[in-house]
Structure formats: C-alpha cells, structure tokens
Amino acid sequence: MTGQDKQKNSSRITVVGMGYVGLSLAVLLAQKHDVTVIDIAKDKVDKLNQFVSPIRDSYIESFLSEAAAGKRRLRLTALLSDRDKTDISSAYKEADCIIIAVPTNYDSETDFFDCSAVEETVRSILKCTADPVPIVIKSTVPVGYTGQLKRSLNVDHLLFAPEFLRELNALYDNLYPSRIVVGCDDSSRGQAEFFAGLLKDCAEKEDIPVLYMSTTEAEAVKLFANTYLALRISYFNELDTYAELKGLDAASIIEGICLDPRIGDYYNNPSFGYGGYCLPKDTRQLLANYKDVPQDLIRAIIESNKTRKDVVAERILQKAGHDPDHPALIGVYRLAMKSGSDNFRQSSVHGIIERLKASGASVIIYEPSVTENTVFGCPVIRDPKEFKKKSGCIIANRYDPSLNDVKDKLYTRDLFGRD
C-alpha cells in the first residue's frame, strides 16, 4: 500500500508518550485514524481511555469530552507500558507509522539531553517490526542525534520532526500549524511525505507550509527557534530592568518599539525570566552544540536570564523591607509560568524562590493546583485570605485580578496583564 493510499484510507498509528506533544498528536490523528498511545503513567492511561484529558489544554479537553458524549468520533486507545506488553508489541507490529514523544531532560553532568528513553523506544520498536514503517522522533534532541542513531542501529526509516507547540494550546497548534518540518534523507523522503500528509489531512488549516530537510537541519530548526524565543524574552526583560532601575515607564517604551512592524507586538511582556520545560533546556543544549563553534550570543542569552532573576529577587527584597535582623515573609502567588496553567516544571518563579531563601527571607506559596503541604521547601497556603494576610510582600509572575485588594504589597513585572 502506498503512502497516498494509506492517507485515503485509515492508517494505524502508534504514539509513545502522553505529554503535550504526544497527546495532542494522538487526538489530532484519531479524528481519521486508529491511534494507540503508550505511556508509563497509569493515571494518564486510565483517564485517556475514559476520554478524560490528563493535561490542561482547552482543545484536547473539548475534543475528548465530545468523544465521551458521543458527539465526536475519536479512534483512540491508551496502553500502559509495563502492563500491556502484548498489546504494545501488536501496536508496534501493526502500525503504519510510529511517533516517539518521550521526555528528553537536560543532563547537566553530560551537558546534553538525556536521550536514553528515545533510544530504548526505538530499539523496542525495531524488535517488534519487520517492515520499515516510518519511526518519527518528535522529542527534542541534540543537533546530529537522529543521524547518529540511524548509523548505530543501521536503519533508514528514522525521521525527525520538530514540534512548535504552546503549552495549553498544543492541539490548536496542530490543527492550525505555522509549518510542518520533517527531517529525512533521499531513501526516507516518501515516508516523510506520508507523515506530513497525515498531519495536513487532519489539520483544519489550509495551505500549510511543509519543509523537508536533513534530520540534522530539522533538529537545528527546533533548537534555534526556541533559543530565538528565549532571546526575545531576555531582550524585553533587560529593557524592563533598565526602565525600572532608571524610573522609566517600561510599557510606553515597549509599545513604542513594538509598533515597528519589523519587531512586532508579541513575546514582549516582561517576566521574572524565561522558564518552563523547553526554553531553559533547549538553550543550554544549543550552547553545548556550539562546543567547537565561536559564539557570544547564545551564552549571553542564558546568562541574561540568570541576571534577570538576580535583579528581580533583589527588587523583591527591597520592596519587602527585608533585613537579616528582620527577615521578610514573602508570598508567592502561583508557580506556573502562564495564566491558566498548572505546570510549573522549571518555572522561573522557582529560581526567584531559591534566591529569596538564600537571602534569609521566608517564603510561603499560594498554589491551588498542588496537593502537597510544601513545594520547593516552602509551606503551601490554600486559603487566599490567609495567604494575603500573612504575606508581607506578594510576588506574581503574571497578574491576576484577585490581587487587586493587595496592590500595595504586590511586586510583578507583568505590564500588560494588569487592570
């Protein structure tokens, strides 16, 4: 069966990993194809099999709730990696396409992403499959990794396709993608076209730009794209630092700059620094890939983010009236990077908390999404009134109207999210 024939009919697709990338792709493709998702987390697997989203994403939640109510057809099944081994073997063997979306956390000791989960998954797939079906790596990896893995395993049907998804909007960004990039070589070009065709066929957007390039170039696209976003965040944060310390109105300066169409009015709201799951690790990985290449800017982006957190922490301590003999009690309003998110992995707020505690200040946290009594070694206060009363100073990476009554003790650099 050719790639075009498969796209006209139903394909069988297996997705490994149920984070934002894997789950959004699974739901996207399950509109027209039979999709099996594999994950190590039992609670995620159980929820998905009941058409309940295990992550916060409005489109994913909507699609799954409609499927549960019989209003939308999603051909979707989830398997637990250490329980459903026979079914997983069949899911690999019978698949027309396999997508890998497992985590690749940054290992500070090796100065590289830990891609062991990717390699283990590829090896498991190869043991179960006789036909060379396309295996598409969606996990972010170092530049050159896919090519090295292909050579070490002696396989040609290993592709790399970077993701460009936003937290809370992952399915939307698959339905209306800015572009589709697939890394392949001449021998796997047909498989790359088949995979891109699957994505295009299930998307809502028309005329999606599709780029085919080598796997190494596709890996570079991902890391350079995220590093540019980190650069832009750092630029406006440094502008804000200058304005705050010089007594200037940062919002007016930013508006005056961003009306220039060459610059644009986006990614320009100051914060406590860039954070989250992707930008910190991707910038560091790109810097590591520059090991034998002259550079100044990539390292400066990373250092700029550290400096921003230092400055913000110092300004908070000043506002709180912190003194070693009279330690301040500082309240942290929410830990997530974005409003509406419950994800605070690698949050920039964490870096601020570490600096405040190192200075001797006491920290309490208001974060309704957690069940633990302490986070980052700080007490969690669940009653917002108690939290506001106890806090001598309250900090918020992103402003919320519920803080209107404590503006006198509030520190935030959110210039465009306030009343």
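## Strand β1 and its partners

Strands β1 and β2 (residues 34-39) run parallel and are joined by five bridges. This is a predicted model. Across that pairing, Val15 faces Val37 of β2.

## Burial of β1

Strand β1 covers residues 12-16. Four of its five residues are buried, so the rest of the structure largely encloses the strand. Buried here means under 20% relative accessible area.

## The crossover through α2

How does the chain get from β1 to β2, and what is the handedness of the β-α-β crossover? The chain passes through helix α2 on the way, and the crossover is right-handed.

## Packing of α2 on α9

Helix α2 spans residues 20-29, and helix α9 spans residues 189-202. Their axes come within 9 Å. The crossing angle is roughly 70°. Therefore α2 is roughly perpendicular to α9.

On the α2 side, the contact is made by Leu25, Leu28 and Leu29. On the α9 side, Leu198, Leu199 and Cys202 take part. The residues of this contact comprise six nonpolar, no polar and no charged.

Conventions: Residues are numbered from 1 along each chain as its sequence is written. This is a predicted model: local features need pLDDT of at least 70, side-chain atom pairs count only at pLDDT 80 or more; totals for chains, interfaces and linings use all residues. Side-chain values use heavy atoms; hydrogens and water are left out. Axes are lines fitted to C-alpha atoms, for helices over the stretch in contact, and angles run from 0 to 180 degrees between N-to-C directions. Helices (H or I, at least four residues) and strands (E, at least two) are DSSP runs, numbered from the N terminus. Angles under 35 degrees count as roughly parallel, over 145 as roughly antiparallel, 65 to 115 as roughly perpendicular and the rest as oblique. Contact means heavy atoms within 4.5 Å. Ala, Val, Leu, Ile, Met, Phe, Trp, Tyr, Cys and Pro count as nonpolar, Asp, Glu, Lys and Arg as charged, and the others, Gly among them, as polar. Buried means under 20% relative accessible area, exposed over 50%, partly exposed in between (1.4 Å probe, protein chains only). Two strands pair if DSSP finds at least two bridges between them. A crossover is right-handed if, with the strands pointing away from the viewer, the path from the first strand over the helix to the second runs clockwise.
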